[in-house]
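Thanks for coming, everyone. I have one structure to walk through this morning. Please look at the screen.

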Amino acid sequence: MTTRRTVLAGLTGLTASTAMGAGLSRAAAPVEVVATVAMIGDAVAAIGGDRVALTTLMGAGVDPHAYRQTRSDIAAMAGADLVLWNGLYLEAQLEEFLETLSDRVPVTAVAERGVPEEQRIAHEDYAGEFDPHVWMVPDLWRGAVAAVRDALVDIDPDGAVAYGEGHAAYDARLARLQSYAAETLATVPAERRVLITAHDAFGYFGRRYDFEVLGIQGLSTASEAGLKRIDDLVSLIVERQIGAVFVESSVSDRNVRALIEGAAAAGHEVKIGGQLFSDAMGVPGSYEGTYPGMIDHNATVIARALGGTAPERGLDGRLTPPTDAS
């Protein structure tokens, strides 16, 4: 039977053999990069261009808090020139493997490297732990994106100029995205700035855009939502006459629908304001399957559902036309 221990024990030989092959053709081959989540992968593709060959482990609808590596993931990471992950305990089930891998392959936690501790949100219950969802605010994520550039330069210094140019262009897009999100979300009336979602993925969003954010579950989707938590949120929704709550693409909508049913039983109608991208982006190949599209979608959907003003198709008219999420 294959266990985590035997997999890790076999990693040395696998890495050594792939490293020998890589060393023979390194000058001609692109840099093999593995990114754990698509938000990082989007940055790698934009910055690295043709100089990188990218593998992203987690796609649309995948929950990184619960994700466990597969055999193909292990092979990809062991044979890579560089592995990039978010860190801050986002990829909780991968952490032990990545720590072991880092003895043999360059591994960088881009959020930990690029977002200073004083800019992070501390975990309420665990000292020294932080909210990992830093990509929710483009200005914060720009630090992680700069860490992606630096990690690429570290492994491939000959590409420093190309990576610098790719980063500058991508960073300009993120700055424009930040301006759009801030301006659009500011149109939501102050009394309606209450964002209720499946789990606490929007803490940085709330801090930056002045929203009260309430998640049914905690920072990790592995935490359980107790009946008391749901009852308390139902009472709040009814008391404050909140009109919309939100589901997430990578989290079950069961608990959100329990809120809607509970409010209905108390005589208050609350709708699903839309599906948000929290821990995963949209479908690859779609605009929402890019980091700018993910954030454009979230800002636009939240603003429109909570009484603000936003163009239906978002920043540049590229969003998929909305459908009834309920």
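I will go through strands, helices, a cavity and a few loop residues, in that order. Keep in mind that this is a predicted model.

Start with strand E1, residues 31–37. Six of its seven residues are buried, so E1 is largely enclosed by the rest of the structure. Who are its neighbours? One is E2, residues 52–58. E1 and E2 run parallel, and six bridges join them. Now follow the chain. From E1 the path goes through H3 to E2, and this β-α-β crossover is right-handed.

E1 has another partner. That is strand E3, residues 82–85. The pairing is again parallel, over three bridges. Val34 has Val83 of E3 as its bridge partner. Ala35 stands opposite Leu84.

Stay on E3. In a regular strand, side chains alternate between the two faces of the sheet. Here is how that looks in E3. Leu82 and Leu84 point one way, while Val83 and Trp85 point the other way. Are these four buried or exposed? All are buried.

E3 also pairs with E4, residues 107–109. Three bridges join the two strands, and they run parallel. Trp85 sits opposite Ala109 here. Between them the chain passes from E3 through H5 to E4, and that β-α-β crossover is right-handed.

On to the helices. H8 covers residues 160–185, which makes 26 residues. From first C-alpha to last, H8 reaches 37 Å. H7 is next, residues 138–155. Its 18 residues should span 26 Å at 1.5 Å a residue, and the end C-alpha atoms are 25 Å apart, which agrees.

Which residues of H8 are buried? Among them are Tyr163, His167, Tyr170, Asp171, Leu174, Leu177, Gln178 and Ala181. An α-helix has 3.6 residues a turn, so residues three or four places apart point the same way. Have that in mind when you read down the buried positions.

What do the buried residues of H8 pack against? The list includes strands E1 and E2. It also includes helices H3, H7, H9 and H12. H7 has buried residues as well, including Leu140, Trp141, Ala144, Val145, Val148, Ala151 and Leu152.

Next, the cavity. How many cavities of 30 Å³ or more does a search of the whole structure find? One. About 60 Å³ of space lies in the largest cavity. Its lining includes Met136, Ala181, Phe202, Phe205 and Tyr209. Ile295, Asn298, Ala299 and Ile302 line it too. H9 and H12 are the elements that give two or more residues to this lining. H12 gives the most, with four. Note Ala181: this lining residue is also one of the buried residues of H8.

Last, the loops. Most residues other than glycine have a negative phi, and most peptide bonds are trans. Two residues here are worth a look on that point.

Take Leu88. Its phi is near 55°, a positive value in a residue other than glycine. Where is Leu88? In the loop between E3 and H5. Leu88 has 7% relative accessibility, under the 20% cut-off, so it counts as buried.

Now Gln241. This residue is not a glycine either, yet its phi is positive, at about 55°. Gln241 lies in the loop between helix H10, residues 227–239, and strand E7, residues 244–248. Its relative accessibility is 51%, over the 50% cut-off, so Gln241 counts as exposed.

One more residue, from the loop between H10 and E7: Gly243. Gly243 is partly exposed, with a relative accessible area of 40%. What does it touch, leaving aside residues up to four places away in sequence? Val270 and Lys271. Gly243 and Val270 are 27 residues apart along the chain, but their C-alpha atoms are separated by 4.7 Å.

To recap briefly. E1 pairs in parallel with E2, and E1 pairs in parallel with E3. The buried side of the story for H8 includes packing against H7 and H12. H12 gives the most residues to the cavity lining. That is my tour.

Note on methods: Residues numbered from 1 in each chain as written. Predicted model: local features only at pLDDT ≥ 70, side-chain atom pairs only at ≥ 80, totals over all residues. Heavy atoms only, no water. Expected span 1.5 Å × (residues − 1). Buried < 20%, exposed > 50% of the residue type's maximum accessible area, 1.4 Å probe, protein only. Contact = heavy atoms within 4.5 Å. Pairing = 2+ DSSP bridges. Right-handed = clockwise from strand over helix to strand, strands pointing away. 1 Å grid on protein atoms, 1.4 Å probe; cavity = no way out; pocket = protein on both sides within 12 Å on 5 of 7 lines; lining within 4 Å. Points joined across faces, edges and corners; volume = space filled by probe spheres on them.
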